[in-house]
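Here are my notes on the model you sent over. Have a look at the sequence and structure first, then work through the points below.

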Amino acid sequence: MNVAALVSGGVDSSVVVHRLCEEGHKPAIFYIRIGMEDEDGYIDCPAEEDIELTTLIARRYGCPFEVIDLHKEYWERVVSYTVETVRKGLTPNPDMMCNKLIKFGCFEEQRGYQFDRIATGHYATTDTFNGKTYLATALDPIKDQTDFLAQINFAQVSKLMFPIGHLMKSEVRAIADTVGLPSAKRKDSQGICFLGKIDYNSFIERYLGRKEGRIIELETGKVIGRHQGYWFHTIGQRKGLGLSGGPWFVVKKDIKRNIILVSRGYDPDTQYGKTIEMDTFNFITEDAYEAELWSPEGATPVTFKIRHTPEFTRGLLYKDENGYRLESEERIQGIAPGQYCVIYDRDHHLCFGSGMITKGR
């Protein structure tokens with residue numbers, strides 16, 4: 001079997017190479033170099049150390065190694081999506097789009113099509129259900145990354161291998177330490193890669209600028225502060241508002257009037273909701289309604305996430321002529337349009353897919 005391994009230089013993807021070689025594979029190793037480049041200049045995701053460590057891994061195991069430059073594609077497909085989503089007043093998910101469009105999209109178009117399988121260091125697994133391959137959760141609930149993979153399609157999930165998905169993070173570290181991998185002690189990466197060392201607000205300001213607006217208390221209608229643009233703020237935000245007498249939470253945004261609406265308190269009711277609406281839904285493997293796994297006539301018991309967290313929430317999913325509606329069993333904090341609601345089975349094992357939230361209440 002001809003296997004490609006996407007390696008970042010971190011401990012997870014390094015152990016992926018080790019496990020593949022232990023199983024008798026000789027994977028071709030690829031480092032995907034992404035960053036941001038536009039007419040105003042060039043900002044790179046610091047990759048030198050990553051490439052150096054990946055080169056050491058490739059040499060140690062005698063695997064071919066190639067750097068794939070996808071800067072241009074990343075700007076066109078992910079960074080521009082992020083900027084436009086923020087401009088619309090929505091909350092983007094660039095990590096999810098990177099997996100769908102770059103790692104398993106552009107890479108497949110350029111080189112991945114030459115391989116039978118593509119292995120990555122994601123904490124996820126696959127399972128067979130209804131005779132087809134489904135994305136499934138990892139053993140480690142804290143590290144599980146299925147929520148970042150929930151926009152991929154059936155062709156992509158059918159080709160993917162997750163060699164560390166059945167391991168705890170501590171086991172991955174132990175393997176790397178035992179066999180002496182150069183990345184064994186390396187810290188996990190944090191944040192969005194295309195930002196590099198740039199502050200998020202600085203990045204947003206570069207493309208959307210500043211525009212002063214009012215911060216209004218939702219309950220009283222009183223103006224209590226000023227902000228520099230609704231695009232710097234997201235639903236559920238608490239820090240960075242510059243308000244005294246808090247805590248204050250962003251609960252709504254008036255995009256047309258450039259107004260931020262906030263509520264005060266450690267647990268205000270206005271920051272919670274139980275209903276999530278989605279116009280469309282991306283089923284990874286098969287449409288559960290068309291496959292008659294779920295009946296459109298009633299409610300389907302599911303579990304779900306709206307942000308990266310180890311916890312799953314139970315709810316009932318409905319489908320009608322307007323799209324999809326999820327009724328949560330519990331109140332959910334900070335339901336932000338633009339976020340993705342990721343749907344799992346009742347046992348939060350199989351990941352069916354995700355839909356962009358259009359409304360929460």
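1. In which sense do strand β7 and strand β8 pair, and over how many bridges? Bear in mind that this is a predicted model. The two strands, residues 125–129 and 132–136, pair in the antiparallel sense, with 5 bridges between them. Within this pairing, Thr 126 sits opposite Leu 135 of β8.

2. Now the turn of that hairpin. There are 2 residues between the strands, and Asn 130 has a positive phi near 60°, in a residue other than glycine. Asn 130 belongs to the loop between β7 and β8 and is partly exposed, at 39% relative accessible area.

3. β8 has another neighbour too: strand β20 (residues 350–360) runs antiparallel to β8, joined by 2 bridges. Leu 135 turns up again here, with Cys 351 as its bridge partner in β20.

4. On to helix α7, residues 200–208. Phe 203, Ile 204, Tyr 207 and Leu 208 are buried. Looking down the axis of α7, the buried residues fall within an arc of 110°, so they line one face of the helix.

5. Two loop spots to check by eye. Gly 246 and Pro 247 are joined by a cis peptide bond, with omega about 10°; Pro 247 is in the loop between β11 and β12. Glu 292, not a glycine, has a positive phi of about 60°. Glu 292 lies in the loop between β15 and β16 and counts as exposed, at 72% relative accessibility.

Definitions and conventions: Residues are numbered from 1 along each chain as its sequence is written. This is a predicted model: local features need pLDDT of at least 70, side-chain atom pairs count only at pLDDT 80 or more; totals for chains, interfaces and linings use all residues. Side-chain values use heavy atoms; hydrogens and water are left out. Two strands pair if DSSP finds at least two bridges between them. Helices (H or I, at least four residues) and strands (E, at least two) are DSSP runs, numbered from the N terminus. Buried means under 20% relative accessible area, exposed over 50%, partly exposed in between (1.4 Å probe, protein chains only). The arc is that of the directions from the helix axis to the C-beta atoms.
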